[in-house]
Amino acid sequence: MNPSLREKYSRQLLFAGIGEAGQERLAASSAVIVGSGAIGSATALLLTRAGVGRVRIIDRDFVEPSNLQRQFLFDEADARQALPKAVAAERRLKSINSSVSVEGVVADLNPQNAAEWLSGFDAILDGTDNFETRFLINDFAVSRGQPWIYAAAVGSYGLTFTIRPGATACLACLLESRGSPPGLEDTCDTIGVLGPVVNLVASLEAAEGLKLLAGRGTALHGRLLACDVWSGHFQSLAVARLPTCRVCAGQEFTYLHGESQPHVTMCGRDSVQIHERHRRLDLALLGKRLAPAVDDVRQNEFLLRFRVAPYEMTVFADGRAILKGTQDPAVARSLYARYVGA
Ligand SMILES: [Zn+2]
């Protein structure tokens with residue numbers, strides 16, 4: 001390790017659980033974070049600052065003012081420009097630690113692109129806001145034997161659990177048999193979410209990530225950790241593998257094979273995502289064509305946004321769109337067909 005890196009990571013090198021050998025392992029390791037919202041932002045910051053060699057962050061959404069209360073990678077300028085979160089995240093993370101290879105990917109993780117975006121990473125970290133994507137990650141990770149870390153938060157409550165295929169329970173062992181743990185039927189749409197709990201959960205997730213990536217697997221605690229920053233209630237629970245688990249026992253990867261319904265509604269907003277169209281759009285051309293027919297056309301190199309009262313539509317270059325002002329997929333599809341094309 002050269003002297004400048006030794007200086008940069010000096011406090012982490014002094015920590016016995018990492019040391020110089022652990023730091024070198026970190027520098028040679030890779031992590032992919034799915035979702036760059038609150039938990040994904042904080043996890044990405046922690047892993048990038050810690051010197052993980054390669055960090056990929058995948059996100060489908062753009063920055064809005066309501067994100068800034070808890071999404072620590074973004075600022076008001078990002079929200080004003082409506083930058084895709086993956087783009088803003090990549091810029092910020094690169095400015096924090098230029099020793100790390102950072103890549104932001106503007107995409108919606110789905111069964112068709114999971115292998116392209118997740119293959120080959122030493123750890124997959126959960127920064128998503130929905131269970132369909134988590135079960136897709138779980139199917140993929142178990143089918144490939146890649147470790148991944150589940151993390152979720154809503155209100156003042158959060159939890160995290162590290163999944164090592166073949167060694168621990170998986171997400172389906174945990175959730176499909178006994179229903180959701182308390183609180184998870186709520187979403188940040190209905191009861192909100194506090195910045196402190198997402199940072200706490202992200203810290204627990206990132207610490208587990210550092211153990212995996214630094215080659216300190218024996219330090220993994222193997223427990224489901226749950227915490228509530230408002231009540232001060234903390235729990236650490238053992239989770240047994242389920243002999244009849246669909247995924248890790250039965251090897252039935254229904255989410256990965258696209259047999260489960262794709263999600264269309266989005267956490268935290270009155271919005272629907274149209275994501276079944278996979279095609280490149282010329283946003284500049286589309287913006288010119290739409291200008292006479294719609295209001296408030298704004299665009300940057302990544303997306304085009306306009307208003308058709310009472311709706312607001314944001315179209316991405318990969319053909320996806322987010323329709324704000326409705327939770328009805330049929331309304332969203334009809335608006336998409338009318339303004340973007342079938
Ligand atoms: Zn399982």
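1. The donor residues of the zinc ion follow the pattern C-x2-C-x71-C-x2-C in sequence. Cys170 sits in the loop between strand 6 (157-163) and helix 9 (171-175), and Cys248 in the loop between strand 8 (233-238) and strand 9 (271-274), so this pair ties together parts 78 residues apart in sequence. Helices (H or I, at least four residues) and strands (E, at least two) are DSSP runs, numbered from the N terminus.

2. Basis. This is a predicted model, in which local features need pLDDT of at least 70 and side-chain atom pairs count only at pLDDT 80 or more, while totals for chains, interfaces and linings use all residues. Residues are numbered from 1 along each chain as its sequence is written, and side-chain values use heavy atoms, with hydrogens and water left out.

3. Zinc geometry. The protein donors are Cys170 (SG), Cys173 (SG), Cys245 (SG) and Cys248 (SG), at 2.2 to 2.3 Å from the zinc ion. Donors are N, O and S atoms within 2.8 Å of the metal (3.2 Å for Na, K and Ca); water is not among the atoms, so sites may look incomplete. The site is tetrahedral, with angles of 96 to 123° among its 4 donor atoms.

4. Cysteine burial. Are Cys170 and Cys248 buried or exposed? Both are buried. Cys170 counts as buried because its relative accessibility is 1%; for Cys248 the value is 13%. Buried means under 20% relative accessible area, exposed over 50%, and partly exposed in between (1.4 Å probe, protein chains only).

5. Disulfides. The count is 0 disulfides. The rule asks for a pair of cysteine sulfur atoms within 2.5 Å.

6. An open sheet is formed by 8 strands in the order 3-2-1-4-5-6-7-8, with mixed pairing. Strands 3 and 8 are at the edges with a single partner strand each, so one side of each has no neighbour in the sheet. The twist from one strand to the next averages 15°. Axes here are lines fitted to C-alpha atoms, for helices over the stretch in contact, and angles run from 0 to 180 degrees between N-to-C directions.

7. Strand 4 (residues 123-126) runs parallel to strand 5 (residues 148-154), over 2 bridges. Pairing requires at least two bridges found by DSSP. Leu125 has Ile149 of strand 5 as its bridge partner.

8. Asn113. This residue is in the loop between strand 3 (101-106) and helix 7 (114-118). Asn113 is buried at 11% relative accessible area. A polar atom of its side chain lies 2.9 Å from the backbone oxygen of Asp108. A polar contact is a pair of N or O atoms within 3.5 Å; within protein, one must be able to donate a hydrogen and the other to accept it, and residues adjacent in sequence count only if both atoms are side-chain atoms.

9. Backbone points to check. The Ala309 to Pro310 peptide bond is cis, with omega near 5°. Pro310 is in the loop between strand 11 (303-308) and strand 12 (311-316). Ala82, a residue other than glycine, has a positive phi near 50°. Ala82 lies in the loop between helix 5 (76-80) and helix 6 (85-96) and is buried, at 3% relative accessible area. Gln251 also has a positive phi, about 55°, although it is not a glycine. Gln251 is partly exposed at 45%.

How values were computed
Four donors count as tetrahedral if all angles lie between 85 and 135 degrees; four count as square planar and six as octahedral if opposite donors are over 155 degrees apart and all others between 65 and 115; anything else is irregular.
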